[in-house]
Amino acid sequence: MKFQGSDQYVATQDLMLAVNAAVTLQRPLLVKGEPGTGKTMLAEEVARALGLPLLQWHIKSTTKAQQGLYEYDAVSRLRDSQLAGADSERVRDIRNYIVRGVLWQAFTSDEPTALLIDEIDKADIEFPNDLLRELDRMEFYVYETRELVKARHRPIVFITSNNEKDLPDAFLRRCFFHYIKFPDADTMRSIVDVHFPGLKKELLGAALKTFYDVRNLPGLKKKPSTSELLDWLKLLVAEDIPLEALQSQDDKVAVPPLVGALLKNEQDVTLFEKLVFMQRHNR
């Protein structure tokens with residue numbers, strides 16, 4: 001199986017090489033990059049392109065590694081024992097109270113799958129360490145039922161990170177790493193063309209110039225990403241914003257219409273407005 005991009009996802013050559021290298025090495029693909037650069041969508045599109053079902057595990061700050069394997073629902077078992085009696089057939093069989101996690105589902109699937117562990121850096125530092133053995137050996141032990149669960153097919157594992165925390169070296173060693181660079185203007189045109197195939201070239205050119213002007217402003221707390229550009233373009237089309245509104249007569253930076261789609265906090269908006277004011281007054 002080789003990933004060669006898709007009609008809904010613009011993948012650079014080095015990104016396709018990274019996906020195929022991870023598949024060949026049978027190692028998880030660790031994908032980093034700015035928020036909004038398509039890390040999660042990559043797993044979805046690779047699964048779709050290769051015809052694989054995708055299991056997704058979205059990590060939160062409270063997520064524990066054990067939840068990806070299984071959880072023992074002792075509370076439900078206690079409640080059932082009180083209602084039906086401890087000798088009931090359901091209560092006696094502990095398997096009825098084992099809740100399978102996404103790793104268990106991926107391991108026991110009858111067909112190969114793709115598995116997304118999304119935003120692993122949100123969890124505590126021990127989370128990736130707790131998954132080392134399972135992702136390496138593709139097996140884990142269920143102590144309550146005394147059984148060893150082994151993967152029937154090794155899933156293609158995608159792990160995304162926004163770099164909020166450093167990941168342990170032992171975990172990094174077991175992954176194939178790729179950093180999604182922010183798209184240049186030509187790549188961005190291709191991305192926009194996938195989502196807005198009929199967009200006029202003049203409007204796109206003016207919008208991209210404004211977008212990169214905003215993005216390149218030094219001191220921004222949060223630079224606008226690809227997803228925010230797409231949202232902004234959708235609004236420009238929906239509101240029928242004229243081309244003239246995006247173009248400045250003196251070629252200086254101006255506050256674009258619907259700037260709230262690009263800048264997401266008051267500090268960045270204020271900083272941008274100050275820059276425009278200073279340019280207008282030649283300071």
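**View 1. Ala114 stands opposite Ile156 of strand β8.** This is a predicted model, in which local features need pLDDT of at least 70 and side-chain atom pairs count only at pLDDT 80 or more, while totals for chains, interfaces and linings use all residues. Residues are numbered from 1 along each chain as its sequence is written, and side-chain values use heavy atoms, with hydrogens and water left out. Helices (H or I, at least four residues) and strands (E, at least two) are DSSP runs numbered from the N terminus, and two strands pair if DSSP finds at least two bridges between them. Strands β5 and β8 run parallel and are joined by four bridges, whereas β2 and β5 pair, also in the parallel sense, over five bridges.

**View 2. Strand β5 is covered on both of its faces.** In a regular strand the side chains alternate between the two faces of the sheet. On one side of β5 lie Ala114, Leu116 and Asp118, and on the other Leu115 and Ile117, all of them buried; here buried means under 20% relative accessible area, exposed over 50%, and partly exposed in between, with a 1.4 Å probe and protein chains only. Five of the five residues of β5 are buried, so this strand is largely enclosed by the rest of the structure.

**View 3. The largest nonpolar core has 30 residues.** A nonpolar core is a set of buried Ala, Val, Leu, Ile, Met, Phe, Trp, Tyr and Cys residues joined through side-chain atoms within 4.5 Å. Leu103 and Ile159 have the most contacts inside this core. Two or more residues come from each of β2 (54–58), α3 (65–69), α6 (102–108), β5 (114–118), α8 (132–137), β6 (139–142) and β8 (156–161), and α6 gives the most, with five residues. Once the neighbours within four places in sequence are left aside, Ile159 is in contact (heavy atoms within 4.5 Å) with Pro28, Leu29, Leu30, Val31, Ile117, Ile120, Leu135, Phe171 and Cys175.

**View 4. A second, separate core of 22 residues includes Ala207, Leu230, Leu236 and Ala261.** Ala207 has its place in helix α11 and is buried, with a relative accessible area of 0%. Not counting residues up to four places away in sequence, Ala207 touches Trp232, Leu233, Leu236 and Leu246. Although Ala207 and Leu246 are 39 residues apart in sequence, they are 6.6 Å apart in space, C-alpha to C-alpha.

**View 5. Lys64 and Asp124 meet through their side chains in a salt bridge, at 3.1 Å from N to O.** This pair links distant parts of the chain, with Lys64 in the loop between β2 and α3 and Asp124, 60 residues apart from it, in the loop between β5 and α7 (126–130). A salt bridge is a side-chain nitrogen of Lys or Arg within 4 Å of a carboxyl oxygen of Asp or Glu, and a search of the whole structure finds 13 of them. Lys64 is partly exposed, with a relative accessible area of 46%, and Asp124 likewise counts as partly exposed, at 30%.

**View 6. A salt bridge of 2.4 Å, N to O, joins the side chains of Asp110 and Arg152.** Here too distant parts of the chain are linked, 42 residues apart: Asp110 belongs to the loop between α6 and β5, and Arg152 to the loop between β7 (147–150) and β8. Asp110 is exposed, with a relative accessible area of 66%, and Arg152 is exposed as well, at 52%.

**View 7. Lys209 and Asp213 form a salt bridge of 3.0 Å, N to O, between their side chains.** The two residues are four apart in helix α11 (residues 201–215), which means that about one helical turn separates Lys209 from Asp213. Lys209 is partly exposed at 42% relative accessible area, and Asp213 counts as partly exposed at 29%.

**View 8. Strands β6 and β7 pair in the antiparallel sense over four bridges.** Tyr141 stands opposite Leu148 of β7. The hairpin of β6 and β7 has four residues between the strands, and in it Arg146 takes a positive phi near 55°. Tyr143 is found in the loop between β6 and β7 and is exposed, with a relative accessible area of 61%.
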